[in-house]
Structure formats: structure tokens, C-alpha cells
Amino acid sequence: MTPGVRPLIAGNWKMHGTLAEATALASGVAAGATEKAELLVCPPFPHLVPVAEALRGKAVALGAQDCHAAAKGAHTGDVAAAMLKDLGAAYVILGHSERRADHGESDAAVKAKAEAALAAGLVPVVCVGESEAQRLSGEAEAVVAGQLAGSLPEGFAAAGGVVAYEPVWAIGTGRTPTEDDIAAMHARIRAELEKAFGEAGKTLRILYGGSVKPSNAKGILALPHVDGALVGGASLKAEDFLGIAAAL
Ligand SMILES: O=C(COP(=O)(O)O)[C@@H](O)CO
């Protein structure tokens, strides 16, 4: 944890759940909200408005899982950052490895989306992380440093932008890096943020993501420069998600 920084526990619901399940999950998370951490849920697009209504007046922030780089226009199937802001979202996840893989998103594309998010008043949560082959060949830190250099726009720090380190091979697999490896990568990310943004880079939140669950959260969240978690599977049950926040 970075001293003086309020941790963020974020749930990425990915492409899961019915509308009824989404609103029930949001209400369950809100019922257990804690002062210890900021809680954030990121439902699929169709569930954003009803979840925003379920969270009205509650201490849980709302985020989306993507936005388009353009402010508006002829982009069938896409969603503009300002539309997300308008419905009550505060954050948007960008550059998740699943989007990088499924939609061919490059660092430059992620940067353009982050610029659009900032222009609309959303806080970008920019995801970075190495593949298993890159980890095994000793390139992990260089890969992540390159992704940060290519993906983070000017203004990111001033807006309180968030970086999520998510090793691709740890997502949905039940495997995690060792705590030493997580700590080393987060220290490297902190150094890159300070290089890019100076003093402001010292307190930007860096989340860890990849198979976080209540049973491993305590050790991970206690590591230096781990300022919260981006949670996938375990965010789909309010009890598990809140159990991760309770590990702080
Ligand atoms: O992908 C993520 C991790 O998913 P897990 O199911 O927790 O491994 C991260 O973005 C949170 O969705």
C-alpha cells in the first residue's frame, strides 16, 4: 500500500449476468461498503443505467469496461466517454488484455481512448501486463514499461488516473505471480509513473489484477505500491468482493 493513498477495490463484471443479477449484485456490494476502501463496480454496458440507479446515494462508484476514442460520430456499436459520464460513471477500464487480444487494441489506441475519457471527465483505469512467454523470457518489466509509455496520456496524473497491473497468464486461471514478483513489478510501475509525471506519480493508484480472491487478498494488498485490486471472477459474488475489501 502507498502511504496516504485510499485503496480502490474494483470489480470488472466482464460479460456476465442478467439485468436482475446485476442490480442485485450492485445492491449487495453497496450494503457492505466500507470506509477502508473506495469500491467500484464495472458492469456490462446494458446494465450500466439500472446499476447506476441501484447505486444512487450509495458509497460505490460506477465504471464502464471500455469507451471509444472519438467524442461522437458514426461508430456502430461503440459508446462515447461522455455518454458514460452522463449516466453516472466515474471510471472507465481501458486496455484490458481481453480487449487488446479480442479487438487488437494497441497502446496508441488505448492512449487515444484514455484521452477521450479524460476529456469527458472520466478517470481511466489503464491495464497493462505481460504474457506468460514474456514473463518466462525475463521481459515482463520491459513489456509493462513499454505499455505504460505508449498508453498513458498527458493529463493522466492530474485526473488521478489508475494503473492496473494484470499479468495475462494470471487472469481467470487461479494462478498468481509470487508476492515478490508482484512487489517488484509494482515498484517498477511506480518508478515509471514518477519518471512520466514527477511528484504526482508518487501517489497514483496501482492495482493488482489476476485471480484475486478473499483467500489471497491480504498478502497481495499488503505489498508496497499495491493500492488495491481489479477483480474479475470474485467480483461476481458480493460476499467474495467484499471479502477482498475486508482484507485491507
Ligand atoms: O481480468 C481480470 C482478472 O480476472 P480474474 O477473474 O480475477 O482473474 C481483471 O481485469 C479483473 O476483471
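## Overall build

The structure is a predicted model, in which local features need pLDDT of at least 70, side-chain atom pairs count only at pLDDT 80 or more, and totals for chains, interfaces and linings use all residues. Residues are numbered from 1 along each chain as its sequence is written.

The protein has ten helices and eight strands. Here helices (H or I, at least four residues) and strands (E, at least two) are DSSP runs, numbered from the N terminus. The radius of gyration is 17 Å, close to the 18 Å that the globule rule gives for 248 residues, so the protein is as compact as a globular protein of that length. That radius is taken over C-alpha atoms, and the globule rule is 2.2 Å times the number of residues to the power 0.38. Along the principal axes, the C-alpha atoms fill a box of roughly 45 × 45 × 35 Å.

Of the 248 residues, 45% count as buried. A residue is buried if 20 or more other C-beta atoms lie within 10 Å of its own, exposed if 12 or fewer, and partly exposed in between, with C-beta atoms placed from the backbone. Two residues are in contact if their C-beta atoms, placed from the backbone, lie within 7 Å. Among contacts with a separation of 6 or more, 72% join residues 24 or more positions apart.

## Around the ligand

There are 14 residues around the ligand, and Asn12, Ile171, Gly209, Gly232 and Gly233 come nearest. A residue is near a molecule or strand if its C-beta atom, placed from the backbone, lies within 6 Å of it. By class, this shell has five nonpolar, eight polar and one charged residues. In this scheme Ala, Val, Leu, Ile, Met, Phe, Trp, Tyr, Cys and Pro count as nonpolar, Asp, Glu, Lys and Arg as charged, and the others, Gly among them, as polar.

In the unreviewed UniProt entry, the annotation "binding site" covers Asn12, Trp13, Lys14, Gly172, Ser211, Gly232 and Gly233. These residues are spread over 222 residues of sequence, yet they cluster in space, with a largest C-alpha distance of 14.1 Å. UniProt positions are given in the numbering used here, feature names are shortened, and annotations may be inferred rather than shown by experiment.

The table lists some residues with their C-beta neighbours.

| Residue | C-beta neighbours within 10 Å | Class |
|---|---|---|
| Tryptophan 13 | 23 | buried |
| Lysine 14 | 18 | partly exposed |
| Threonine 18 | 10 | exposed |
| Serine 211 | 22 | buried |

Tryptophan 13 sits in the loop between S1 and H1. Apart from neighbours within four places in sequence, tryptophan 13 is in contact with Val41, Cys42, Pro43, Pro44, Ser235 and Leu236. Lysine 14 is also placed in the loop between S1 and H1, and has a positive phi of about 50° although it is not a glycine. Serine 211, in the loop between S7 and H9, has a positive phi of about 60° and is not a glycine either. Glycine 233 belongs to the loop between S8 and H10.

Threonine 18 is found in the loop between S1 and H1. Between threonine 18 and glutamate 179 there are 161 residues of sequence separation and 35 Å of space, C-alpha to C-alpha.

The buried residues of H9 are Ala217, Ile220 and Leu221. They cover an arc of only 80° around the axis, which puts them on the same side of H9. The arc is that of the directions from the helix axis to the C-beta atoms. On the face of H9 turned away from its buried side are the exposed residues Ser215 and Lys218. The cover over the buried residues of H9 includes helix H8 (179–197), strand S7 (206–209), S8 and H10.

In helix H10 (residues 238–246), the buried residues are Phe241, Leu242, Ile244 and Ala245. Seen down the axis of H10, these fall within an arc of 150°, so they line one face of the helix. An α-helix has 3.6 residues a turn, so residues three or four places apart point the same way. Among the elements covering the buried residues of H10 are strand S1 (8–12), helix H1 (19–31), strand S2 (38–42), helix H9 (214–221) and strand S8 (228–231).
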